[in-house]
Structures are given as structure tokens and as C-alpha cells.
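Please consult the sequence and the structure alongside the text.

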Amino acid sequence: MTKESKLQIIPLGGLGEIGKNTTAIRYNDQIVLIDAGLAFPDDDMLGVDLVIPDYTYLVENKDLILGILITHGHEDHIGGLPYLLRHLNVPIYGTRLAIGLIQYKLTEAKLGQVTTQVIQPGDTIKLGSFTIDFINGSHSIPGSVGLALHTPLGTIVHTGDFKLDHTPVSGGVLDLHKFSELGVNGVLCLMSDSTNVERPGFTKSERLVGENIDKAFEDAEGRVIFASFASNVNRLQQAISSAFKYQRKVATVGRSMINVVNIAAELGYLDIPEDTLIEVEEAMRLPGNEVCILTTGSQGEPMAALTRMAMHNHRQLSIYPGDTVILSASPIPGNEKAVSRNIDLLFKLGAKVIYESISGMHVSGHASQEELKLMLTMVKPKYFIPVHGEYRMLMKHAELAVQLGIPRENVFVAEIGNVIEFTRQGAKFVNNVVAGRIFIDGLGVGDIGSSVMKDRTLLSQDGILIIILAINSLTRAILAGPDVITRGFVYVREANLMLEEVKEIARQTIARSLQNGINETPILQNRLRDAVSKHLYDKTKRRPMIIPIFQEVE
């Protein structure tokens, strides 16, 4: 009997969250991957630098993976590649800027043996049973594409991040003709960007931002410090063009900003007039009204250049009265507090800060409701999966699809790890694969689990108390101590009495345990921890992390 063909969509990131967009498309025993992104940590992920998907499913099936298709060069779509490609080696397909940014990442990660292939919007490639069309998109970075994956069971369309911009800063407009043509020929399933589904109407054109940036440069009296996502190349172009128009030299600050500007300029995606780009050291010697600084830090990131300027601890640059600081980005959900803190600090230093949404210094790169409706109407999918958004966004997008006539049972609001399976008989959720979050902390990848994060949270909330005792290794009697060390729990000079009580409880707990015939070190430590924890909670209503340390002496 012939084995039934199966087509599966397996999201590993980007659903129920913002970032780490990664989706596996599997036809029988062949897999192609769409994007391999990362996410930035939430406020409660203390000490974590980055978050990537759990790649267990991909590593277990690495021999089935034919290639990785990149929709565009933003970090939430390419940032996971250096970590994923440590485990598998497959070709990567993307537009010229995306591949340029990826190659820099791979070189930095010392992964030099990876095959990359530059494609152009409108190109078609074949990988196993998949025939893949790359469709010109419109987003906040050049070279954005949507995808049509033709399989023996039908066509899957993935929009990538997109909006309908009739006057883009660079690149062509969204290829409405191609999406409509796909709809006429029949689309099995549409996967569409949900980021802006809560916003009614249409997203404004990037061209409007350029006019407002130009006006801000015209009005600025001192230096212009322009903060944006480094990968928002179109926005950087607008700032550079305005700087040149008003006779300002441009310096870049922040590692990612320097890298992106150099790569984009080398590939021809940034038009930088001759002698406009200078080093920071030279900019510091020029009058303020002749300088523009392009910097990272629009999201209030602790180590970003603008944040360090606001905190007055950047090694090269400071903020002076008369400077104009332009924040050309909206805060990502969760970053609002950090952004607001920076704005306050910049004002205190005497800068003019342009940050409000009404200032027109930023427009989204994502489609709003009417554009999302247009995409659904053009493509006319049989099935629909909203992607790229938090759960409420996916639900809202699903409701839009139902309003436009897609049967509710044909709309799948999925979570990472779900498997949506298509056969000749229809589509349904089947099983789940391993999925989740892997934390990157320094050079550590995945060595921080939930228990470590729980400990970090506990330490940040109530501090730590360490009890040190020297005990006889045979009799378990206390030979010296206990000594108590505390950090982040109480101010020691004002809590001497309470800490003396802790020492006495330690002595009594050990003595009682020995009287009852209990002398194993782990049990003694647990009893000591429980007794001290109860006492401190009764006294303070706090639960510090308590660590008993026994130094055994013969």
C-alpha cells in the first residue's frame, strides 16, 4: 500500500510571542525552514542576553532539512542562525542584504563553511519536492520577501513581515500581482504577519517619516543624535540624506550600527555621499551644528550607546544642552519603562528629545487591519494560520479571516511546537514536537534553565543569606561558627540582633538533629535552611535564598 503523503507546518518560534520567528515546513521526509530568528529577553529574564528557539526537532531531523529560506535581515528572523548552524550545515537562501548580514554573523561566530545563495525577488528555486517562489515585499529593511512553497499537496504562502507602502524609500512595492495570481491558482494555506492586527486602517508610508526627519534636522541647533534599530536601513538612509542636506557629517556609534551601515553601504543599499561618513573622534572636534550621530539604543537597552550616553558613562560621547535626540522607533512591548527612563535622563542633561508617536519620526513596517484584509482577499486561502505575534494578536487575526469568509474550522491559531498536518482528506492538529526557549547568557547556550532563572528572581527580590559552619566530620559537632553573610537582604549594621538569632537557630537545629540521630550533611543543611527560612519570614515577611555551607574538619 502506498504511504499517504503528508504536509506539515511546524512553528518553532514567533507564535504567542514577538521574535525568534522560525517555522519548519515538512513534506513527507523533506523539510525546509523559514527564518531562524532570536528574541530579546523580557524584564524578568535576569542576566539573559538573547533568547532562541529550542532546536531539538531540527537537530533530530537534520538529515531531512534541505535549506533555510530567509524572508529578510532583521534579527528576529536571522539572529538564531549562528546557534542553529552549530548543529547542522544546510544552504541558506536570501536576498543580497540579508545574506550580507548573515555572512558577517557567521564569520563572527567562526562558522565559515556554510553555503549561502543570493536570490532576487521574483526568483524560483527547487528544493526536493518544494518549488519556492520569492515574492517582493515591502518592509522597513530592503530585500524583504514573501514566499510561495508549491508542494504536491498544494501551495503554502508565507507573507513574511510586510505592509502596503506605495512610496517606499527603497526597493519595489509589495507585489500585489503575484499574491493575486497565487490566489487565482489556488492556495492551500496562508501564513500571514499579525504584528499590527490591533491597529485599524492602513500603516503609513515610510516616505512620510523622511519629511519629518528632514524638518527636525532643519530645526536642530546643536548635534543631532539619531537613534533607531540598526537594521532599519531605510530609516538610516533618510537620516543620512537629511544630514547631507544640512551640511552635517555622520558618525556611527554602537557595534551593530557600525556593522550594518558598513555592510549596507558596501552592498549599495545605503547611498552615503562622499566624505559624509566620519569617525566619532573627528565628530567630537567639529561644531555641534555640523554633526549627526547614528546610534543604537532606541529600545533603552542597558548596554546600548544611547543608554550609556544618557547615564553619562559612554567612553567617547556625552549629551550636552542644545543636542537634539531623535528616537525613531516605537518601544517593543516590555521596553516602555526603559525607554521612558532614558528620555527623562536625556531631558535632564539638557537635550531636546523627539520621541512622541505624534512627532511622525516612526511608522511601523507591519501591515494594519485593512492591509491584512487585502492580503487575505487576494490570496483566498483554503486554510489560514496567523503568525508573528502574541496570542491575542493571533486571535484577532483569526477573527478577521473568519469575517472575510474563511470557515472557522479552517483557521488554526497555533502555538510553538504544534504540528498542523495537511492530507488529501483535510487539515488538523496532530501531535506536538519539542519547542520552547533557550537562553543565551554570555558564551553559555542553554545552560540556564528554569531553576537558574527562579534563583535569579529570588536573589533579585529578597537577596541571599549564607550560613557557614565548621563541623567535626565524625561527630558532626560544631567546631566554629556559625558565621552569617548576607547580601541584598538586610542592612547588616541595623540587623545585628536578627542575625545573632539566626546563629542561635543554627546551633539549636544542628544540636536537635544530632540528638535525634540525624547526622547526614544534606539533611542537616535542609533542616537548617527550613528553620532559618521560617524564622526570617516570621520576622520580615521576606524569603531570602539561604545557603548553608559546612566545612568538615577531621
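In this predicted model, the side chains of Glu108 and Arg255 meet in a salt bridge, with an N to O distance of 2.0 Å. The count between domain 1 and domain 2 is 1 salt bridge, and 7 residue pairs, both members at pLDDT 80 or more, are in polar contact between these domains.

The protein chain is divided into three parts: domain 1 covers 7-201 + 364-447, domain 2 covers 206-358, and domain 3 covers 463-552.

| Property of domain 1 and domain 2 | Value |
|---|---|
| Separation of centres, over C-alpha atoms | 30 Å |
| Area buried between domain 1 and domain 2 | about 1,800 Å² |

Carbon and sulfur atoms give 54% of that buried area. In domain 1, Arg96, Leu97 and Val169 lose the most area to domain 2, and together they account for 30% of what that side buries.

Turning to the whole protein chain, the secondary structure comprises 16 helices and 25 strands. The C-alpha atoms fill a box of roughly 85 × 80 × 45 Å along the principal axes. Of the 554 residues in the protein chain, 54% are buried. Among contacts between residues at least 6 apart in sequence, 71% join residues at least 24 apart.

Methods:
Residues are numbered from 1 along each chain as its sequence is written. This is a predicted model: local features need pLDDT of at least 70, side-chain atom pairs count only at pLDDT 80 or more; totals for chains, interfaces and linings use all residues. Side-chain values use heavy atoms; hydrogens and water are left out. Domain bounds come from an automatic or database domain assignment. Buried area is the accessible area (1.4 Å probe) that two parts lose on being put together, summed over both. A salt bridge is a side-chain nitrogen of Lys or Arg within 4 Å of a carboxyl oxygen of Asp or Glu. A polar contact is a pair of N or O atoms within 3.5 Å; within protein, one must be able to donate a hydrogen and the other to accept it, and residues adjacent in sequence count only if both atoms are side-chain atoms. Helices (H or I, at least four residues) and strands (E, at least two) are DSSP runs, numbered from the N terminus. Buried means under 20% relative accessible area, exposed over 50%, partly exposed in between (1.4 Å probe, protein chains only). Contact means heavy atoms within 4.5 Å.
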